[in-house]
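This report concerns the packing of a helix pair and the arrangement of a sheet. Please consult the sequence and the structure shown here.

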Amino acid sequence: MKKEEILKKLRETEDYISGQELCEYYGVSRTAVWKAIKQLEKDGYCIEALTNRGYKLIDKNVTENDVMSQVSIESYIDTKWAGKNFVFNKETGSTNQDVKALAEKGAPSGTLVVADSQLAGRGRRGRDWISPPGKDIYMSLLLRPSCMPDRASALTLVMALSVIEAIDELEDFKDKCGIKWPNDIVINGRKICGILTEMSAEIDAIHYVVTGVGINVNQTQFDQDIKGTATSLFLEGGNSVNRSKLIARIMHYFEINYAVFEQSFDMSGLIDKYNHFLVNRDKQVRVLDPKGEYDGVAKGINEDGELIVIRSEDEKQILVYAGEVSVRGIYGYV
Ligand code: ATP
């Protein structure tokens, strides 16, 4: 019997559950149950123990939304491979770096590293991702797709789709968030999630891909320099969100979406779903291309994950490739 099994049982039970019942249910001794309960308390769970009544998980939401641990995440994971093999770090430099190190040692596809805080979280093009402790999600997934390297950038979009599907199923966020192409999730025009995909490859073969995700979950305030563009699920929905469960749901959707991606190694089977969430769709955008900025109307993505933009100055259709480019709204961030 593992402690996460007891955790599951406590979660399901509204009232107290007796030690005897737990012993019988799992076919273990009272001491084994007691030890598991002690371990859960050590992990941060608040469990009330009453003589003659048994055990009860106190204030499930508050406790579980604040606590993120190996056990709490493991107890929610329901996938076959995505996030099945995972490592939890209370603090780390960057989860992408951790996954790269594991990949070099031969870790399998689907290995996930989750951290409670990052000291050197990164965004695209070497920019920082602010990663304070105790509130948010920082995680990176290792993939070993058997496709050509030029196909890998679409994995950023597959992850963005999986994150938004997991958030969209939360009561407070149904139909509230969108994807800002290619990889940011936004609510009310502000960013709650960024994704950074990195790859190790030769010209014609991928060694591995790392897709890192930062989500502002229960954060309540932001530094001056990102205040205008950043927000969190807590600030937008008014309730704290269970991080462990959210991670598991993202893995759940990722596994489903990845199976579709793998059929053709592009976005063709996911275009409609992705475009449904795209906030830029049919909107005026400014394309910040280092070779020259221009305005246009975004029409959606194609099967390669490129953004189809009708350029305003000549009505020409341009396919925007994510690599070096950012997209903004004409009047603001989105
Ligand atoms: P854009 O397309 O908007 O330029 P990007 O996808 O290129 O964004 P990312 O790599 O996702 O950018 O994220 C890095 C940027 O996000 C940083 O430069 C900073 O402005 C902003 N940022 C950093 N930390 C956070 C955070 N916790 N929440 C929201 N935004 C953040």
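The model is predicted. Two packed helices are described by the angle between their axes and by the distance between those axes. In this model, helix α1 packs against helix α2 at an angle of about 125°, and their axes are 12 Å apart. Angles of 65 to 115 degrees count as roughly perpendicular and those over 145 as roughly antiparallel, so α1 is oblique to α2. The crossing of α1 past α2 is right-handed. On the α1 side, the contact is made by Glu5, Ile6 and Lys9, and on the α2 side by Leu22, Tyr25 and Tyr26. Classified by residue type, this contact of α1 with α2 has 4 nonpolar and 2 charged residues, with no polar ones.

The sheet is open and has 5 strands in the order β13-β12-β11-β10-β14, with antiparallel pairing. Its edges are formed by β13 and β14; each has a single partner strand, so one side of each lacks a neighbour in the sheet. From one strand to the next, the twist averages 45°.

Strands of a sheet pair through backbone hydrogen bonds, in either a parallel or an antiparallel sense. Strands β10 and β11 pair in the antiparallel sense over 4 bridges. Within this pairing, Val287 has Tyr294 of β11 as its bridge partner.

The residue ranges of the elements are tabulated below.

| Element | Residues |
|---|---|
| Helix α1 | 3–12 |
| Helix α2 | 19–26 |
| Strand β10 | 284–288 |
| Strand β11 | 294–301 |
| Strand β13 | 317–320 |
| Strand β14 | 326–329 |

Notes
Residues numbered from 1 in each chain as written. Predicted model: local features only at pLDDT ≥ 70, side-chain atom pairs only at ≥ 80, totals over all residues. Heavy atoms only, no water. Axes fitted to C-alpha atoms, helices over the stretch in contact; angles between N-to-C directions. Helix = DSSP H or I, 4+ residues; strand = E, 2+ residues; numbered from the N terminus. Parallel < 35°, antiparallel > 145°, perpendicular 65-115°, else oblique. Left-handed = near helix turned anticlockwise from the far one by under 90°. Contact = heavy atoms within 4.5 Å. Nonpolar A, V, L, I, M, F, W, Y, C, P; charged D, E, K, R; others polar. Pairing = 2+ DSSP bridges.
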